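Visitor: I have a structure open here and would like to talk it through. Could you walk me through it?
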Amino acid sequence: MSDLFRILGSAASSLDAQTAAAATTSHNLENSNTPGYARQRVSIETTLPAEEVGNVYIGQGAQVASVTQVRDGFLEAQLPSAFGQASSSSATASTLQAVDALDPQASGGLGDAVSGFYAALSQLAQNAADPGLRQSAVSAAQTLATSFNQTRGALEEARTGVDQKLSGDVAQVNDLAQTVASLNGQIRAARAGGAEPNDLLDARQQAVDQLAQLSGALPVATSEGDVSLFLSGGAPLVTSLKAGTLSAVPDPANGGHLGLELKAGGVQRKVSPGGELGGLLSARDGALETAVNSLDTLAFDFSGAVNAVHQAGVDLSGNAGQPLFSVTALNGAAAQIAVNAAIAANPALLATAHAGGGPGDASNVNDLLKTQSQLLSGGLDASGTLSQVTSAFGATAASAKAQSDADGALRDHLTTLRASASGVSIDEELIAMQKTQQAYQAISKVLQTTNDLFTTLMSIKPT
Amino acid sequence: MRVTDAMLYERAAQDCSSARSRMDEATSEVSSGKKLSQPGDDPAASGLVVLEQMRKNQFDAIASAAGRASDELSAADGALNTVDNALSRARELAVQLSNGTYSASDRAAGAAEVTGLISTIVSALNTQVGNRYVFGGTQDGTAPFSGVVTDTSGNVDPALTGAYHGDAGVRQVEIAPGVLQDVSVRADVALKGVGGGSDVLATLANLANALTANDPAAVGATLDGLTQGTTQVATARSVAGADVDTLTAAVNASQAASADATKRISGLADADPIQSASDLAAAQTALQASLTAVGESFKFSLLNYL
């Protein structure tokens, strides 16, 4: 049978439910600016079972059924790969964009140095015996060699810079992988109590997002409710409660640049991750390496062509010419190239004449001038090759930029949709707060009224 | 669509940042006047700019080399003009003094004048441009012709006087990429008769000696050689003149090619000022609109009304 105490009891539990709703709303408001936070909803339900009195059921108020996160699984499944792609292409694009060694209009670049060398030869052809002109031809050759060194140095520096960034990213990936593994454990423990540990889920989601951006790792949910993460090629970065360790190891096959290895489950293996790490690697071992190799080839072919002609001539004393440029091997040619030290010290050793010619004989200088249009191993002359190196680098940089714009747009679109589904709307929460307040006041009124009823009841005096 | 605050702020950040980055690009294009700053801005144009820049430098070098070669040839032509005048005077004297009516003292005075003419010719042939002798072939470090040498009897030595110390080398200059043009005069051919001509300087020495010996017949015998010498010098001058014309044409062509290359570089890499100014104005307007919209969107919140 229903009585006033029961009303008091159900009002108290209903007030609890409204307090929980107010607490959740305030939690939402307090986290409206927390990255990765998904809004939470209290679902309040009628307390069951209702009390059967005679042949009717009398309700027993309301109680909290659950507090859940609002997440859109369809969207969230697309996000990690979008994050990985966008970070990858943006890392490639910004790395390539930061390289200015091949800027077409920068004065003092390699193109200027090559034409400066030929301009000096052209002047020397006017007066081959003139010590001043010989000196300036040698200086122009030195400028050219230095320009090769500097351009290649700047490209190599960009590659080394990538290595430094890789090391930093690797440490961050390892931290985050540990975080995910440990959160997997905490979530398991919390769920054992039956409730959803929403804030732990948020923290894990946040770490998974960051890992996707850094390494392109894709999450796979397990039946235990854990999240395992796999790098491209199936390398396990996190398996349930265990995190692998990523390390950056110098790769002798790649000029000592860092390669990435993952140690997981006692197995050490080479990995090629995606995300920012992948983007950095693709810039370093793609366009930048190609440009470095092309410069080496150009330096090697060019110095070979010039040296062949130079050695066919004779110097001021009638001795056969020495190689003008010293280059030993194709690999690293642009870094090694230098003017022959003997010629640099004594410009009289420039082989300007043909055998038998007088000091004013500039016929070998004219032959050297012809190397300007000589086709090198790539089927183009020096200027054509340089132009091609610039275009090829530019084309990769431009396509990385376009790819980065497209990937970034997709990522922004998906994060906007996620913010729409899971983000906190202050307006909405304020309305919810008002609603809760009204309900709370109403229930308080119930308590007040019940109290009045009691007072009325108690004030009945025996007659 | 459900609009949340995070979404509002995120979109505001994205939109403002992209509007600002567009404005930054437009500003840099206007302030630098260049639309190509990195190869990635336009890969094909960047490659062409490198190529055109090197081509321009090559044509500039050719124009300057051909220009200097042309100056040198003009100096050589000036020297040959002096030689020509001196030869005319020598022929005049030879015609005049081969006539028997002149006295021994007239011929002695003639001999002195001819010796002087030889010195004039030799010093003209030893003309230098910069520090090089233009008539020495590739032996351009030493004077190519000897001066007047007299033997013990006071006669001019026809073998040693005006002896040539240069060689048969001909200087060449690049007048177009890969094209070489001869740009020196063979003084040994014009004055020393190498290759079947008359040795003009020896003939002049013989004339001086014949005049000293007061021998009208021997004086007359030098006339043929002198005439042939004049022809040789005239031929050399006409070759030099033609070469100067070629070089002038090469200089003009190279300058035009260099100007063309500059024009093409400008077309590829320079921003169109009107276009970039209007782009900048558009970018400014867009940024302003974006900032205004964002500012407005932040104003509306239930917080202000509760």
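Guide: Before anything else, the domain bounds I will quote come from an automatic or database domain assignment, and the model itself is predicted. With that in mind, chain B is divided into domain 1, covering 50–263, and domain 2, covering 272–306.

Visitor: How many Å separate the centres of domain 1 and domain 2 of chain B?
Guide: Taken over C-alpha atoms, the centres of those two domains of chain B are 79 Å apart.

Visitor: OK, helices now. At what angle do α1 and α8 of chain B cross?
Guide: Helix α1 of chain B (residues 5–32) and helix α8 of chain B (residues 273–299) cross at roughly 160°, and their axes come within 8 Å. Angles over 145 degrees count as roughly antiparallel, so α1(B) is roughly antiparallel to α8(B).

Visitor: And is that crossing left-handed or right-handed?
Guide: The crossing of α1(B) and α8(B) is left-handed. On the α1(B) side the contributing residues include B:Leu8, B:Cys16, B:Met23 and B:Val30, while those of α8(B) include B:Leu280, B:Leu287, B:Leu291 and B:Val294.

Visitor: How many of the contact residues are nonpolar, polar or charged?
Guide: The contact of α1(B) with α8(B) divides into 14 nonpolar, five polar and five charged residues.

Visitor: Switching to chain A: which way do β5 and β6 pair?
Guide: Strands β5 (residues 218–221) and β6 (residues 227–230) of chain A pair in the antiparallel sense over four bridges, and A:Leu218 has A:Phe230 of β6(A) as its bridge partner. The two strands form a hairpin with five residues between them, and in its turn A:Gly225 has a positive phi of about 90°.

Visitor: What about β6 and β7 of chain A, how many bridges there?
Guide: Two bridges join β6(A) to β7(A) (residues 236–239), again with the strands running antiparallel, and A:Leu229 stands opposite A:Val238 in β7(A). This pair also forms a hairpin with five residues between the strands, where A:Gly233 in the turn has a positive phi of about 90°.

Visitor: Which strand order does the open sheet of three strands have?
Guide: In chain A the order is β9-β10-β11, with antiparallel pairing. Strands β9 (245–251) and β11 (267–270) of chain A stand at the edges with a single partner strand each, so one side of each has no neighbour in the sheet. On average, neighbouring strands of this sheet are turned by 35° against each other, direction ignored.

Visitor: What lies across β9 and β10 of chain A?
Guide: Helix α4 of chain A (residues 131–191) lies across them, running at about 160° to β9(A). Strands β9(A) and β10(A) (residues 257–264) are themselves joined over seven bridges, with A:Leu246 partnered by A:Leu262 in β10(A).

Terms used. Residues are numbered from 1 along each chain as its sequence is written. Chains are lettered from A and ligands numbered from 1 in the order in which they are written. This is a predicted model: local features need pLDDT of at least 70, side-chain atom pairs count only at pLDDT 80 or more; totals for chains, interfaces and linings use all residues. Axes are lines fitted to C-alpha atoms, for helices over the stretch in contact, and angles run from 0 to 180 degrees between N-to-C directions. Angles under 35 degrees count as roughly parallel, over 145 as roughly antiparallel, 65 to 115 as roughly perpendicular and the rest as oblique. A crossing is left-handed if the near helix is turned anticlockwise from the far one by less than a right angle, and right-handed if clockwise. Two residues are in contact if their C-beta atoms, placed from the backbone, lie within 7 Å. Ala, Val, Leu, Ile, Met, Phe, Trp, Tyr, Cys and Pro count as nonpolar, Asp, Glu, Lys and Arg as charged, and the others, Gly among them, as polar. Two strands pair if DSSP finds at least two bridges between them.
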